[in-house]
Amino acid sequence: MSDETGQRVGEESGQLSAVPLLVRWRAVRQRESFVVAATAIAVLLFPYLFVRAPVISTALQGYQSLAELIVIWGIFVIGFDLLHGYTGLLSFGHAAFWGGGAYAAGVFAIHVSGSPLVMIAVGITFSVLLAWVLGFLTLRRGGIYFAILTLAFGQMLYYMALQPLADLTGGDNGLGIGGTAIEPLLGFIPLGAGIPVITTFVATWMYTLIGVAMVLTVAFAYRVLNSPYGMVFRAIRENEQRAEFVGLNVQRYKLMAFVLSGGISGLAGSLFAIQQARVPVESLFWTTSGEVVIMSVIGGVGSLFGGPIGAAVYLYVANVVQGMREVVLFVQVDKLFPGAQAVVLPEWASPADYWHLLLGLLFVAVVVFIPRGGLWGGLKSIGHRIGNRLGGGR
Amino acid sequence: MSASLLALQTSSEIARLLINGLQAGAIYILLAVGLSIILGTLKFVNFAHGALYIVGAYLGLIIAGMPTFSGKLAEWGFASPGLGWGYLAALVIVPLVVFVVGLAMERFVAQPFYDRPDTDQILLTYGIALVVAETFRVLFGGQSRGIAQPPWASGSATGVPVVGDVLAFLGVNAISTWRLVVILLTAVLVGIVFLLIEYTDFGLTVRAGTVDPEMVEMLGIRLSRPYLVVFGIGAALAGVAGLVGGPLVQFYPGYGGEILVPAFLTVVVGGVGSIRGAVVGGLAFGLIQSGLIQFGFSEWSQVGIYAFAAIVLLVRPQGLLGEEVAV
């Protein structure tokens with residue numbers, strides 16, 4: 001994201017009017033306030049475009065709870081990418097923090113208090129502590145062993161929740177929290193209620209809560225990553241040995257990256273528990289860890305905004321494309337055929353059986369051809385090309 | 001009198017524990033030995049190793065019996081593609097086929113990625129595993145399956161000539177013959193691989209390549225072919241694991257990922273690159289698991305092996321029989 005360094009003014013004549021704007025744009029978009037504001041606007045517009053906007057939402061067939069789910073998973077992917085994309089540690093056990101946070105929030109809601117904000121605090125705290133312990137164990141070995149060990153300890157938690165702790169977690173059936181156990185926000189705002197003024201955009205307080213969490217996550221992650229502290233993370237990714245020789249305590253920074261990542265994943269997990277009002281035991285299973293890996297890689301490794309895009313693509317395919325029986329096309333031959341036209345898919349082309357396979361193939365393709373870029377990288381390079389065409393020159 | 005009865009009871013308990021533990025460990029060992037030699041020699045992380053287990057299991061299902069499937073195959077008119085050649089035929093064909101699959105995997109998947117970072121290898125093989133599992137699900141349907149035990153090995157082991165007498169002497173009765181077959185088969189296969197790696201010229205090349213590939217190549221020995229064979233052998237072992245595990249544990253297309261986790265842990269606990277280590281790790285896991293089940297803590301049986309692994313890693317990060325300390 002911060003690969004814009006030299007902002008030399010284009011010397012080409014004739015395009016002078018475009019150049020200062022472009023330069024100013026490149027300067028502005030590096031600013032934290034701009035990143036946060038852009039995130040806020042995106043979060044605000046997303047459910048509107050996805051669920052309620054006149055033509056687009058019909059074509060997309062989106063719905064509110066999916067919009068919520070996408071933003072929640074987007075937070076999770078950002079947390080994961082903080083570790084993988086920026087510190088270079090590939091964890092295959094992030095389900096532990098997602099599921100752990102969800103279970104902690106859920107158990108707390110059932111036995112103590114169902115206030116959403118407190119549930120979130122409990123979920124984050126639990127995940128942070130869990131990450132501390134697991135990080136201590138798994139970071140003893142680097143590289144591939146880290147991936148294997150995180151995978152293994154994630155599975156350990158899954159089996160813990162499945163049987164020995166079944167009294168607490170509900171075992172195989174998952175933890176049913178129930179909508180009634182979750183109290184209104186701040187004690188008087190029901191999460192399902194409409195929010196005044198911006199209700200066209202976000203519809204419910206539930207989404208607002210999730211959206212605010214997303215904006216805060218991006219702000220937090222951006223601040224950390226652009227601080228000297230985050231610089232060390234990237235130094236470790238680029239060359240761990242050199243970072244060590246410079247005198248940095250690599251082990252400690254790695255552990256902190258792991259803990260931060262776990263904490264954000266726990267935030268996402270507890271939001272998931274609140275939104276679903278239940279915690280399926282699969283949220284601890286290794287396939288959940290795999291899903292976040294897939295989302296992150298498809299969206300783009302090492303980019304804050306790639307993650308949520310990957311989450312959106314994955315969940316969209318998993319929830320909407322999966323059940324598609326018809327594809328909405330836009331053909332406007334003349335005034336006689338305005339608007340959307342639905343084309344019913346033939347039986348053999350029904351994606352219900354293939355969607356997972358298609359995602360797998362997409363994932364493999366991204367790993368082979370654009371392992372560091374993903375979809376966000378692709379979008380960015382298009383943006384660069386347009387910028388260059390305008391004479392910004394890089 | 002009562003003391004000897006107690007002794008008899010204890011000895012039968014121990015024998016039962018050993019046999020169950022050995023059998024549970026056998027599957028881990030078959031998978032872990034393959035993983036370990038591939039990781040040790042080729043430095044390649046194969047998250048698709050579990051997919052080879054699934055290939056072996058489904059192949060065995062088709063060759064040995066007459067299963068009916070519900071996936072796309074059924075829609076296309078091949079609801080029952082089984083050959084019904086029996087289990088022994090499967091035992092011969094499956095390793096050969098999966099060996100070839102392993103060769104193809106090395107050439108087309110692993111080799112282009114030897115120079116890429118570890119994380120890319122992990123991501124790629126994870127993606128392959130996903131694609132294989134999904135392809136199987138689309139073709140054969142997602143339900144759990146098991147391979148029927150061959151008639152010559154089903155039932156209790158008490159009827160088997162010599163073994164039955166020994167078991168009777170120990171006071172063990174409820175041991176299925178199949179468990180003994182699995183243990184024996186694993187011992188033989190792993191023994192062969194061990195001898196191959198430790199006592200042949202081929203093994204010498206492979207081991208030398210592990211230590212210093214550049215030097216070996218400079219001595220005029222091409223390493224690409226031994227590497228290819230090592231990958232094939234590891235794959236074949238995974239295929240056999242699927243075949244012999246099929247009658248014991250139900251499998252489904254995504255099962256490869258689930259079984260891969262303890263197998264990987266076996267490698268890490270035993271020490272990477274060491275066949276002995278894989279065997280020791282697998283045995284420890286098997287014994288812990290069956291011990292916990294036998295003594296009434298069955299709900300802890302899965303957690304137990306992870307706890308054991310955590311302790312080993314704290315005390316000996318390089319694994320029980322691992323030598324290197326570097327990451």
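These questions and answers walk through a predicted model with chains A and B.

Local features here need pLDDT of at least 70, side-chain atom pairs count only at pLDDT 80 or more, and totals for chains, interfaces and linings use all residues. Residues are numbered from 1 along each chain as its sequence is written, while chains are lettered from A and ligands numbered from 1 in the order in which they are written.

Q: How many helices does chain B have?
A: Helices (H or I, at least four residues) and strands (E, at least two) are DSSP runs, numbered from the N terminus. Chain B has zero strands. Its count of helices is 13.

Q: Which radius of gyration does chain B have?
A: The radius is taken over C-alpha atoms, and the globule rule is 2.2 Å times the number of residues to the power 0.38. For 327 residues, a compact globule would come out near 20 Å. Chain B agrees with this, at 21 Å.

Q: What percentage of the residues in chain B is buried?
A: A residue is buried if 20 or more other C-beta atoms lie within 10 Å of its own, exposed if 12 or fewer, and partly exposed in between; C-beta atoms are placed from the backbone. Chain B has 327 residues. The buried share of them is 48%.

Q: Which element supplies the largest share of the side of chain B that touches chain A?
A: Two residues are in contact if their C-beta atoms, placed from the backbone, lie within 7 Å. By that rule, 31 residues of chain B are in contact with 35 residues of chain A. On the chain B side, α5 (118–140), α11 (255–270) and α13 (301–315) each supply at least two residues. The largest share, 14 residues, comes from α5(B).

Q: Where is B:Lys43, a residue with positive phi?
A: B:Lys43 is not a glycine, yet its phi is about 55°. It is partly exposed, because 15 other C-beta atoms lie within 10 Å. Its place is the loop between α1 (2–42) and α2 (49–64) of chain B.

Q: Is A:Ala277 buried or partly exposed?
A: A:Ala277 is found in the loop between α13 (250–276) and β2 (278–279) of chain A. It also has a positive phi, about 60°, although it is not a glycine. With 18 other C-beta atoms within 10 Å, A:Ala277 is partly exposed.

Q: How far apart do the C-alpha centres of domain 1 and domain 2 of chain A lie?
A: Domain bounds come from an automatic or database domain assignment. Domain 1 of chain A is 18–319 + 355–389, and domain 2 is 326–353. Their C-alpha centres lie apart by 34 Å.
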